[in-house]
Amino acid sequence: MKQSNISERQLEYINSIKRRKIIIFIARILIFAAFMGLWEAAARTSAINDFIFSSPSRMLDSLITLAGDGSLFIHIGVTLAETILSFIITTVLGITIALVLWAFTGFARVIDVYLVILNSLPKTALAPVLIVWLGNNPKTIVITAISVAVFGSIITLYTGFNSMDPDKIKLITTLGGSRRHILTKVLLPGSLPLIVSNMKVNIGLCLVGVIIGEFLAADKGLGYLIIYSSQVFKMDYVMLSIFVLCIIAMGLYQIINYLEKRLCVENN
Amino acid sequence: MHPALEFEDVSFSYHTINGEVPAINHISFTVKKGEFISIVGPSGCGKSTLMSLICGLITPESGHISIDGMPLGSQTSKIGYMLQKDYLFEWRTVYDNVKLGLEIHRLDPKESNIDTMLENYALKDFTDAKPSELSGGMRQRAALIRTLALEPEILLLDEPFSALDYQTRLEVGGDIANIIKHEHKTAILVTHDISEAISLSERVLVFSARPATIKASIDITFPDECKTSMDKRNSAKFQNYFKLIWEELTNETK
């Protein structure tokens, strides 16, 4: 709109910012390329044993094989489905329980010591117990993932809800509002950024939980593929699975990041 | 005619594990309908306790508070409260912020006076704006309209200008006082700013340090030609009032 008004200095400034962005992007690509290149070169020159360490080209071969018979997509699909399901349940449970604790302070005082214990407990310790209790099935994996993420989520959200400015509550009270109004007019809309940033943590932890679960109790999924392939010494499959996991983790995180930007632009 | 607000021998104490803290000690005063009074006193003297008592957030341990001749409690909607900050919610537009109270009471904003007030008080063009796009003064006006939308009889102003910078504060103080006069409301302003109390109100109550008692009640009158709060600040009488109130306050702390 004001194109003609832009001074030369301003243009210079904008260009320098654009240049910086491009440089950062290129640097990122270069690091990836250099890493892959070094790895491949080390494998080809036998500096490392590619039977144990694999190599980008061997991973590519595995990719073609596993994608060719469609099994890779089944593993990805299972892991993704389990992660998303446990993420949704964790988020809903986290918000609900944190709200219940917020609404019933006395109950919260009683229960919070147990939450802290459960949150600090390494949840991997629970996984074998869950398998014995619930059996070798996807339900166990989803519950393992939930157990990894949900306690931290409850604590974070509950602490956030409680740190709301008491004067905002006073505002609603003096306007004649009840506790329900405090919840719907201030607490929930005001906590949206907190909830979304907590979702970012949840999605990562759920993926961790799903992989742990698949290590122990699965016949499908990337976690299963990793543990099975390492047992039969197919390190190419293992490395490929890890590579795919990286992409899934980044993708899921970016989806929430996008959601955060959409919601919080409105909010701020 | 009943006074808008009447305090009869009201006392209130806070209870903590470490003991009892008396905040207000046998206070009695009345506020006439349409009157604008200020309460000044040393910080922590129980001014905010008084406000919370009036709007029913807490109940007195002894004594009576009545509004328009009726005991407090039955008609809290007659009280409007303006907090120290405007607390306009950034996730709502100015209009949606202003109708918050109506929304809580399930009233139709179209049947309320908010459109008229937004127009009268120069916010008409900003109804769809985000609160962050408003200046400090506009934000306070929006907060006032939010309070007035429920048509309270009595307005409690709990240091509503303390978060503003000095210049805005002078402007907004006068603005808000004019709006309150224009809407014929009874107002009680709590402040630690003596000049503000003198230039805005018709009467100043000087409170003692905790537990609060009323030390003095000073009627403020200015000659007719002093219309704006700035005129008042420049008149000779202003200095006299200032000295009077200052002496009452400093007497206290000695």
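Mentor: Let's start with A:Asn162, which sits in helix α7 of chain A. Helices here are DSSP runs of H or I with at least four residues, strands are runs of E with at least two, and both are numbered from the N terminus. Before going on: this is a predicted model, in which local features need pLDDT of at least 70, side-chain atom pairs count only at pLDDT 80 or more, and totals for chains, interfaces and linings use all residues. Residues are numbered from 1 along each chain as its sequence is written, while chains are lettered from A and ligands numbered from 1 in the order in which they are written.

Is A:Asn162 buried or exposed? It counts as exposed because it has 12 C-beta neighbours inside 10 Å. The cut-offs are 20 or more other C-beta atoms within 10 Å for buried, 12 or fewer for exposed, and partly exposed in between, with C-beta atoms placed from the backbone. A:Ala98 is 64 residues away along the chain, yet the two C-alpha atoms are separated by 9.7 Å.

Now the helix itself. α7 (residues 138–162) of chain A packs with α4 (residues 71–103) of chain A at about 35°, the axes being 7 Å apart. Axes are lines fitted to C-alpha atoms, for helices over the stretch in contact, and angles run from 0 to 180 degrees between N-to-C directions. In this contact, 19 residues are nonpolar, six are polar and one is charged. For that count, Ala, Val, Leu, Ile, Met, Phe, Trp, Tyr, Cys and Pro are nonpolar, Asp, Glu, Lys and Arg are charged, and the others, Gly among them, are polar.

Next, where the chains meet. Chain B puts 16 residues into the contact and chain A puts in 15; a contact needs C-beta atoms, placed from the backbone, within 7 Å. On the chain B side, helix α3 (residues 100–104) gives the largest share, three residues. That side divides into ten nonpolar, four polar and two charged residues.

On to the sheets of chain B. One is an open sheet of six strands, ordered β6-β7-β8-β3-β9-β10, with mixed pairing; strands pair if DSSP finds at least two bridges between them. β6 (79–82) and β10 (214–219) of chain B are at the edges with a single partner strand each, so one side of each has no neighbour in the sheet. On average, neighbouring strands are turned by 15° against each other, direction ignored. β9 (residues 203–207) of chain B runs antiparallel to β10(B), joined by five bridges, and B:Val206 is opposite B:Ala216 in β10(B).

The other open sheet has four strands, β2-β1-β4-β5 of chain B, with antiparallel pairing. β1 (residues 5–16) and β4 (residues 62–67) of chain B pair over five bridges, and B:Leu5 faces B:Ile67 in β4(B). Helix α1(B) packs on this sheet, touching β1, β2 and β4 of chain B, and its direction makes about 115° with that of β1(B).

Last, helix α6(B). Among its buried residues are B:Gly173, B:Ile176 and B:Ile180. The buried residues of α6(B) pack against several elements of chain B, including β3 (36–40), α5 (136–148) and β8 (186–190). Just past α6(B), B:His184 has a positive phi of about 55°.

Notes
Contact = placed C-beta atoms within 7 Å.
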